[in-house]
Amino acid sequence: MESETTSWDGQRADLSFYLARLFLPARDADGGRVVLCADPTAENQAWLRAYAGHAPIKVVSRTELLATLGARFDQVLLDDAIFCLARRWPELSAQTVITSGQVTTFALLAMLLILASIFHPVAAWRASTLMLSLACMASGLFRASLAILGSGHRRDIAPATTGLPLYTIMVPLYREVAVLPGLVSSLRALDYPPDRLDIKLVLEADDHETIAAARQLRDSGAAAFELVLVPGGGPRTKPKAINYALAFARGEYLVIYDAEDRPEPDQLKRAVATFRASPRAVACLQARLNFYNVGHNWLTRGIMAQTPQERIPAVA
């Protein structure tokens, strides 16, 4: 049943094909065909027998299968994580930092400013100050208008309690061993059925210290989560890491937390209820932000000063 886009060694272009059934064609030590499977249910094994023919099915853990898939497809996933947006929607990508037309425009403006400063310096600097002031005022008015418009759409929707969908939680981490215990505690405190959560800690493959700490927490039973290791290459950025990990997401809904985030226990249920009560065109929600470490340093105090909200209790 192999197609043109499928080889027995798993080099199919569409990784989601294998993730849907949690399997991967592979070779055993003698070079024979074998199917690695992390979903040993009768229905799935019946499908795999129809797909693989007489090849034996080897049941492995989900962690082992995902690691094998990641190793097999890491270069394809990494390329998509870095360049997919630029290929599909180049107008939305920052890969092209500045266009030739923009270079020409900025060069002409710079020349005009230099010439004006030479021949009419006072008028030139007055005009520059006026333009910068107007730009700053326009930015402030724009942000204020967004705040006013957004404040009128707040609704108090009761959390969803039935028919809860599978929810993927992604937490990108890099050299953040110290915050792992608090992060795991906040994830365990979520008021959501554990079997409906798909929690993934997204780590850089060379961040050995954080990886070891996360595995120790997972193996100790502190929380149920999977590790997605992002291979090196390209920019070491959070968007790239999330793009890479998206291929392994299983949930109907998805939320991204920072390592320092401490979501309210009913946040996911409220998000589900809000999505259900919103038009189908709504694809993303922004939760209200607040700070539990406002007195930590001058930076946190400054952020809180710009966000006049009631301070939430500190999290141990």
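Biologist: Which residues of strand β7 are on the covered face, and which on the uncovered one?

Modeller: In this predicted model, where local features need pLDDT of at least 70, side-chain atom pairs count only at pLDDT 80 or more, and totals for chains, interfaces and linings use all residues, β7 (residues 253-256) has Tyr253 and Val255 on its covered face and Leu254 and Ile256 on the uncovered one. Residues are numbered from 1 along each chain as its sequence is written, and side-chain values use heavy atoms, with hydrogens and water left out. Strands here are DSSP runs of E, at least two residues, and helices are runs of H or I, at least four, numbered from the N terminus.

Biologist: How many bridges join β4 to β7?

Modeller: Four, and the two strands run parallel, given that pairing requires DSSP to find at least two bridges between them. Met170 has Ile256 of β7 as its bridge partner.

Biologist: Switching to α6, which residues are buried?

Modeller: Leu180, Leu183, Val184, Ser186 and Leu187 of α6 (residues 180-188) are buried, meaning under 20% relative accessible area, with exposed over 50% and partly exposed in between (1.4 Å probe, protein chains only). They lie on the same side of α6, because their arc around the axis is only 160 degrees, taken from the directions from the helix axis to the C-beta atoms.

Biologist: And what covers them?

Modeller: Among the covering elements are β4, β5 (197-204) and α7 (208-219), where contact means heavy atoms within 4.5 Å.
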